[in-house]
Every structure is written in structure tokens, then in C-alpha cells.
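User: Please go through some of the labels attached to this structure. I would like to see what each one rests on.

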Amino acid sequence: MIRVPASMARTTPETFRPLVGHAATVLQPVRRPQTLMATRWAVRDSNTRPPACKAGALPTELTARAHRVSASGVVYPAAVLAALNACAAAWRPNIGMPAGSGDRWPEDYERGRPGYPAEAVGVPCVLPASSVLDLGAGTGKLTRLLVPAFDEVVAAEPAEAMRRLLTTLCPRARVLAGSAEEIPLADACVDGVFAAEAFHWFDGERALAEIAQVLRPGGALVLMWNLPAGPTEPSIAALDELVQERAPRDLGYDPSDLNASTYASGAWRDAFAESRFEQLQEAWLPNPQTLDRDGMVAFLASMGWIAALPDDERLPLLDRIRSLLDADEYRRPWETHLCWTRLRR
Ligand SMILES: C[S@@+](CC[C@H](N)C(=O)[O-])C[C@H]1O[C@@H](n2cnc3c(N)ncnc32)[C@H](O)[C@@H]1O
């Protein structure tokens, strides 16, 4: 059951649709979720962060044959998890692509960046029998949660290298080349648009106008970002120190963090003021990630400023990073900031 503390429940008339994985392999038709994931939510419509939420337990039914639970606790169909694991096992720091190449970091991104909690696609305003669009889908970290949850999933991504992994890892999504400012879909053809870790990259006003165009009346827009929610265990203080030392002084954001300055500044909110969307509602969900040493190196390698270094600087830096990691496993407590709204009718 979703719990909304009374103090936070000012405008939360709807409940979230608790979400679970579906009981099918990727080759079979999707069955709707049948069991509930016990989850506690903190939901409110202000811009202030509530205290961290507690993760719910995975019901045992979801660990049955056709499903596997990933290191982050998300339940995937077995075939999808097998593809993810193969991708992880094949990961090596990219030495083939020149600095600045868009081909350079999709594998690092996929290997090292956190995904999203399954509940993040259970927002109340998008029903399971919906067509949804994942905008700026990247390698499909969110797309792979949308596929089992909705009837039809389209994933749009402008970067070809990202799309290649997206197509492999999300075979049931319809993958399109396209941007938020020029969405390659007909008017009023989807019930929900999702954008994970991406809206702050968009030209907000143009994107919102375009999203309003492809949404059906009353359709939903759901945005999300991952934020650090506590120290990594065991400590990676030495690594943080190295990264701070080596990052360009004028970077403008924390060099070992996902918290892009354009997100952190809240500037992305401005575009909503004159838009056709209702007031944003927000929630914060716990999103723990477990990484092995390669995963932690890949996380750093996926940072734009490291990916852009010439190889004779980048590869020794990644070696140095690896030498500072002596645990087999690192636990990173992220929190997913979820925002959702509806198109005014
Ligand atoms: C940080 S990644 C997030 C990828 C994925 N949604 C995830 O959560 O892992 C941002 C993605 O947005 C894409 N992107 C950047 N500008 C975009 C735009 N104007 N329209 C659509 N996607 C864009 C990038 O190519 C990249 O794949």
C-alpha cells in the first residue's frame, strides 16, 4: 500500500499504481502485474525534499522462474537480465573511439549508471493499457521498466550509439531516432511521456510544446532524476579526492556526481510556467545500487569530462581509479526524484 504522510498529502488525490514486473519472458505476450510490491512513498507537490523513504520488500512471487532480480533490486524478465549481464561481462574501458566520440561511452553508461526503481513507472496518471514514449531513452535504463508495465512503448533517442544498445537491451520497445524538440510521432498518439535523467538537456519550452502535441488530452508527463542519498559503502573517499583533483576547475558541476548543474539549479522548471501542463507533483524514491569494481570504474568513465579526455590521459586515470578500489562490491544509496503532471484538457 502506498502511504502518504498526512503532512505531505496536500494534493495527492490519486494513489500510485503499485508496480511489479510481469510474469512473462520477452518472447511471450505481456501479462499485467498481479502482485503488489509493498512500498512506502513520500509524495508531495512542493519543491522541498522529504526525508529519505524506506525501500519495500520484494514479494517472493516475483523471484519465480521467469524473473531475475538485478543487483539494484529491480525485477526483469530472465532474457532481459541475461542480455544486461552479457553486456556487463563484456565491459572494458573503451580504447577504440577517439575523445569526443558519441560511440565512446554508451557501454560505460550502461555498466556504471544507476537505473530506476520499478515503482517509478507506477505513477497514478498513466494506466497500464497505455501507449507511452520514453524521450531521451539512452541505453534504455527506464525503457526496460516501461515495457512490462504498459501496452506499447516507443523509445526516442537522438544519439545513434545509445540507440544501438537500446535496441539490443529493449527488443520489445519501438526505437526511434528523434529529439524532444522534434518528436517523430503523430499528434495525440500517446498517453504518457517519460524522460529520465534527460529533461534538463532539452530546450524546455520547445520540448513541452512538442510533448503536449503528441500526448492525448489529459495525458501525463513523468520526469525523473537520480540523486546521491548518502555515502557509498565501503568508502570511496580516496577516489573522490582524486577525481576532484583531476577534474577541470571550470566544470561547473560535481565531477563525480550525476547532479548536473542544469538540473540542480531548478532552471528546467521555468518552462512549465507558461506551458499547457498542470502543477508538477513530486516524490522521492529510494534507489540503491550495487556495483562491482568494474561497475564503479565504468560509472566514472561515463562522466562526460572523463570520456572527453584524450586516451593518454583518460586510460591512466581509469587505471588509477581502479587501483583505489579494493572492495568486491560497492553500495550506493541513490534517491530517484520523480515529477509528474498532466496535460490540461
Ligand atoms: C543522461 S542520459 C539518460 C538516458 C536514459 N533516459 C537513462 O535514464 O538512462 C540523457 C539522454 O538524453 C539524450 N538527449 C540529449 N539531448 C536530447 C534532446 N534534446 N532530446 C532527446 N534526447 C536528448 C542523450 O542522447 C542521452 O541519451
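**Labels and their cut-offs**

User: Why is Glu-197 called buried?

Analyst: Glu-197 has 22 C-beta neighbours inside 10 Å. A residue is buried if 20 or more other C-beta atoms lie within 10 Å of its own, exposed if 12 or fewer, and partly exposed in between, with C-beta atoms placed from the backbone. Glu-197 therefore counts as buried. The model is a predicted one, in which local features need pLDDT of at least 70 and side-chain atom pairs count only at pLDDT 80 or more, while totals for chains, interfaces and linings use all residues. Residues are numbered from 1 along each chain as its sequence is written.

User: What makes the backbone of Glu-197 worth a remark?

Analyst: Glu-197 is not a glycine, yet its phi is positive, about 55°. Most residues other than glycine have a negative phi. Glu-197 sits in the loop between S7 and helix H5 (204-214); helices (H or I, at least four residues) and strands (E, at least two) are DSSP runs, numbered from the N terminus.

User: Ala-188 also has a positive phi; what is its value, and where does Ala-188 lie?

Analyst: The phi of Ala-188 is about 50°, and its loop runs between strand S6 (174-176) and strand S7 (190-196). Ala-188 has 14 other C-beta atoms within 10 Å, so it is partly exposed.

User: How do you know that the buried residues of H5 line one face?

Analyst: These residues are Gly-204, Ala-207, Leu-208, Glu-210, Ile-211 and Val-214. Down the axis of H5 they fall within an arc of 165°, so they line one face of the helix. The arc is that of the directions from the helix axis to the C-beta atoms.

User: What do the buried residues of H5 pack against?

Analyst: They pack against strand S4 (131-135), S7 and S8. Two residues are in contact if their C-beta atoms, placed from the backbone, lie within 7 Å.

User: Is Lys-141 buried or exposed, and which residues does it touch?

Analyst: With 24 other C-beta atoms within 10 Å, Lys-141 is buried. Leaving out residues up to four places away in sequence, Lys-141 touches Arg-113, Gly-115, Tyr-116 and Ala-196. Its loop lies between S4 and helix H3 (143-149).

User: What makes the bond between Glu-233 and Pro-234 a cis peptide bond?

Analyst: Its omega is about -10°. Most peptide bonds are trans. Pro-234 belongs to the loop between strand S8 (215-228) and helix H6 (237-246).
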